[in-house]
Structure formats: structure tokens, C-alpha cells
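The following paragraphs lead through a single model by way of its side chains. Please keep the sequence and the structure in view while reading.

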Amino acid sequence: MTTTSISTGYYGARGWTTEKRIKNVLRPYLNANVFDEDEDSSVLGGFEPFQGLGAVGAQRLLATLPMRNLADRQNYSPTCEAMLRAAVDNPGRVELVGYAIGPERADERVSIEGLIYYADLHYNVTDFHDETCECDDLWSKLRESLGLTSALDRPDELRKLRPSWNPSNEAWWIWWD
């Protein structure tokens with residue numbers, strides 16, 4: 001039987017997110033309701049959601065996250081590395097959403113749940129995916145053009161929205177539960 005010791009987490013030695021200062025990388029993207037402006041701690045809490053992570057933050061995470069975290073995925077999504085590379089390779093067009101788990105839990109990590117894509121808004125995607133829906137065509141295009149071929153299945157949600165952090169721009173919400 002394999003056990004995980006107190007000092008070892010799933011993706012590295014417990015506390016790696018603090019050692020690598022992951023909270024400082026994510027700080028500009030953390031949801032306002034979980035971040036106190038006066039806080040100077042670099043320790044992630046048990047669950048800290050983030051949004052709007054673009055090319056700069058994604059590049060910093062690519063250079064910092066352990067390989068096991070980069071190879072991880074949110075359920076059937078592309079790998080964390082593929083999602084980060086999509087943001088790096090498409091500045092201003094791709095932003096990421098997800099959450100970080102701090103050292104108090106054994107599953108300490110950064111998880112990318114989905115992305116916001118600010119292009120190709122001409123596709124017709126319907127709520128009930130009837131015969132006029134072009135969601136399969138859109139997903140096929142995104143999978144190839146953004147390098148998301150490591151996805152194990154299509155996204156759970158694919159729809160237009162105006163992100164709360166960027167409400168003047170319409171985009172595609174692409175999310176895996």
C-alpha cells in the first residue's frame with residue numbers, strides 16, 4: 001500500500017506553491033472576494049479562484065509549476081501545460097480561469113478549468129445545440145488552432161459571454177467541469 005507522507009503532496013513537496021511564490025504570480029488574477037488588498041502573504045489558501053490570466057501570467061506559471069502539475073488536467077480538459085501555452089501563444093485572445101490550492105491540502109496545485117477566447121465570434125452556438133448549432137465546428141477549430149489536442153473530451157460549456165473582468169468585450173467561455 002502506498003501512502004503520502006505529511007511532507008509530500010501530489011505534485012511535489014508540501015509547500016511548493018509558497019516556495020515558488022505562486023500566489024504572487026496569481027495575485028493580479030485572484031477573485032476580489034478572496035483577496036485582501038492589504039494582504040502581503042505569499043501562502044495560498046485552501047481554495048483560491050482566479051480569472052483573466054493572460055500571456056504574461058501564463059508564461060510565469062509555465063516557468064514555475066512542477067512537471068506533475070503541468071501534466072495535470074481538470075477532468076477531461078487539455079493539460080494545464082497546453083492551456084498555459086494557448087494563453088502564451090495567443091496574447092490578448094486567450095485568458096484562463098481556474099483555481100489554486102495551497103499547502104494546507106495534499107492536492108496543492110494550480111488547476112486550469114477553462115479559457116476565454118476573444119475571437120471567431122461569428123460561429124452560431126445555441127443553448128440546446130440544435131441542428132443549426134456550430135459548436136462542434138468551433139471546438140474542432142479551437143482544439144487545433146490553440147493546441148488543445150490533449151483534451152480527452154469536448155468542453156462541458158461552450159457559449160458566448162462578457163467576462164466580469166472585461167465586460168466591454170464579448171468572448172467564448174470554454175469550460176470543463
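W173 and W175 are both buried, a word that stands for a relative accessible area under 20%, whereas exposed stands for over 50% and partly exposed for the range in between (1.4 Å probe, protein chains only). The model is a predicted one, in which local features need pLDDT of at least 70 and side-chain atom pairs count only at pLDDT 80 or more, while totals for chains, interfaces and linings use all residues. Residues are numbered from 1 along each chain as its sequence is written, and side-chain values use heavy atoms, with hydrogens and water left out.

One of the pairs is formed by F47 and Y99, and it is tilted because the planes stand at 35 degrees, with the ring centres 5.1 Å apart. This pair connects distant parts of the chain, since F47 lies in the loop between α2 and β1 (48-53) and Y99 in strand β2 (residues 94-101), 52 residues away. Helices (H or I, at least four residues) and strands (E, at least two) are DSSP runs, numbered from the N terminus. With a relative accessibility of 48%, F47 is partly exposed, whereas Y99 is at 8% and therefore buried. W173 and W175 also form an aromatic pair, here a stacked one, with 6.3 Å from centre to centre and 20 degrees between the planes.

Y99 leads on to R109. Beyond its neighbours within four places in sequence, R109 is in contact (heavy atoms within 4.5 Å) with residues including Y11, W16, N69 and D72.

Strand β3 is also among the packing partners of helix α5. In this helix (residues 80-89), C80, A82, M83, L84, A86 and A87 are buried. The buried residues of α5 pack against β1, α3 (55-64), α4 (67-70), β2 and β3.

R21, in the loop between α1 (16-19) and α2 (22-26), has a phi near 55 degrees, a positive value in a residue other than glycine. D120 likewise has a positive phi near 55 degrees without being a glycine, and this residue sits in the loop between β3 and α6 (135-145). R21 is partly exposed because its relative accessible area is 46%; D120, at 18%, is buried.

The cysteines remain. How many disulfides are there? The count is zero, where a disulfide is a pair of cysteine sulfur atoms within 2.5 Å. C133 is in no disulfide, and its nearest cysteine sulfur, that of C135, is 3.4 Å away. C133 is buried at a relative accessible area of 15%, and C135 is buried at 4%.

Note on methods. Rings of Phe, Tyr and Trp (its six-membered ring) pair if their centres lie within 6.5 Å; planes under 30 degrees apart count as stacked, over 60 as edge-to-face and the rest as tilted.
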